[in-house]
Amino acid sequence: MQHDNDMTTKMRERALEQFEKNRFFQGKLMTPRDMQVEQEYHAERLHTLARYTMGTGIVRGLEVRDVQETQEELTVTVAPGLAIDGYGRPIVVETETSKSVPVPTNDEIYLFARHAEVSTESVPVPDADGVAGDEQTPNRAIEVFELTYQETEPEPGEPTPELELELDEDSRDPFHEIAAAYHEQYREEPRSESDPAVFVGAFERGSDGGWQPTETAVKRPLVYDTEMLFRAFASHLADTDNPHGVTVDPEPRDVPVDLDDIEGFERKLQFLQAELHELKEDRDTLNRYLMRKSLKDKERFFRDVADRFEEHSDEVSRVAQEIVTAATEGIAANAYDQPEIYREHVRELLDAEIRLGETLEGTATEDTLDGYVRAVSQLQNRLEDEASILDVAVAQDNVCEAADSLEELYDIVPDT
């Protein structure tokens, strides 16, 4: 398609460009060019934001599950997933898909997922009088993916940057200083790529003639989404048991004490106590955020469960709404302010979450119900083991995500 080629050329040749959009007014004549401008405006904004803020790589899935050789080709099976290519365009594989590529001339092959479009729904093109003629043109374009390959190992990407940080020990905003240092040292224009395809795996022929995954210098590029990075920070900040695994040699027992330097020891001790106090405050703030987030998520996700399953089962909807009501009351009572109050609130709701799993049998799909039951069981174990409040909040958040993933089982008879 010419329009698609024009957009691809723009993305390849420029880094940043101001966006142009239609201005609508009464009586404006809308031509195909105007519609193309409208599409370009929304698409280019999305692609630019994805390219500059998320980067290129695999967001989830897209594992190569199988490679089988026939006489003329390799059949490659790719798992469902999502990636962002070098131009910021999403690549979606909605179901497990098999594609074919030629058998390589050597014993190695490197596979890539590439954004593509296919035209569909041919319609007649009207002539100048508005009457349909014999010429046909596609009416729709579907964004799909192509599986491409090469037989030589691709160049490895840019190494992970190592920041040269000199943080002020009195800084009240170290996260901003880290971000500022990154921007100053490494924030550059995205690389201009002639082929924005996303690398998904490398394979080599084994001694038995079959194709097996192989290690290369090039790794599957992964997109580090905001929630994943936040969870990593949260886990690290809340870990007070030497998260870096630093070992320190014990001090000799008979160490002479310099009485003239007692004041220095006192100053150091006061500094360490203040630093420890600040770390505890940061941990408490983080825990409070996670506890509140889990209650808000519980209220939102279980309300959605109540709405989605209402036409299939009144009992499922009723129990889910019971959980929503309790979560709302917990938020109103600021149950997230005190860890023990929050823990007791979660413990009181556990019975309703277990009952919801029982009522979902025969109403939700087996895979999504199993995921929900496992998440509830994990939460129950955390409560029984008296785990940290962070672990309880994370387990409760997993229950919310599992509830959000529940899918209705169709072709069932609703409750009467």
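The questions and answers below go through the strands and sheets of this predicted model. Residues are numbered from 1 along each chain as its sequence is written, and side-chain values use heavy atoms, with hydrogens and water left out. Because this is a predicted model, local features need pLDDT of at least 70 and side-chain atom pairs count only at pLDDT 80 or more, while totals for chains, interfaces and linings use all residues.

Me: In which order do the strands of the open sheet that holds E2 and E6 stand?
Reply: Strands here are DSSP runs (E, at least two residues), numbered from the N terminus, and two strands pair if DSSP finds at least two bridges between them. The edge strands, E2 (64-69) and E6 (97-102), each pair on one side only. With antiparallel pairing, the order is E2-E3-E6.

Me: Which residue in E3 stands opposite Gln68?
Reply: Strand E3 covers residues 73-78 and runs antiparallel to E2, to which 5 bridges join it. Within E3, the residue opposite Gln68 is Thr75.

Me: By how many degrees are neighbouring strands of the E1-E4-E5 sheet turned against each other on average?
Reply: This open sheet of 3 strands is antiparallel in its pairing, and its edge strands are E1 (57-61) and E5 (90-93). Axes are lines fitted to C-alpha atoms, and angles run from 0 to 180 degrees between N-to-C directions. With direction ignored, the average turn is 15 degrees.

Me: What is the bridge partner of Ile58 in E4?
Reply: Strand E4 (residues 81-84) is joined to E1 by 4 bridges, and the two run antiparallel. In E4, the partner of Ile58 is Ala83.
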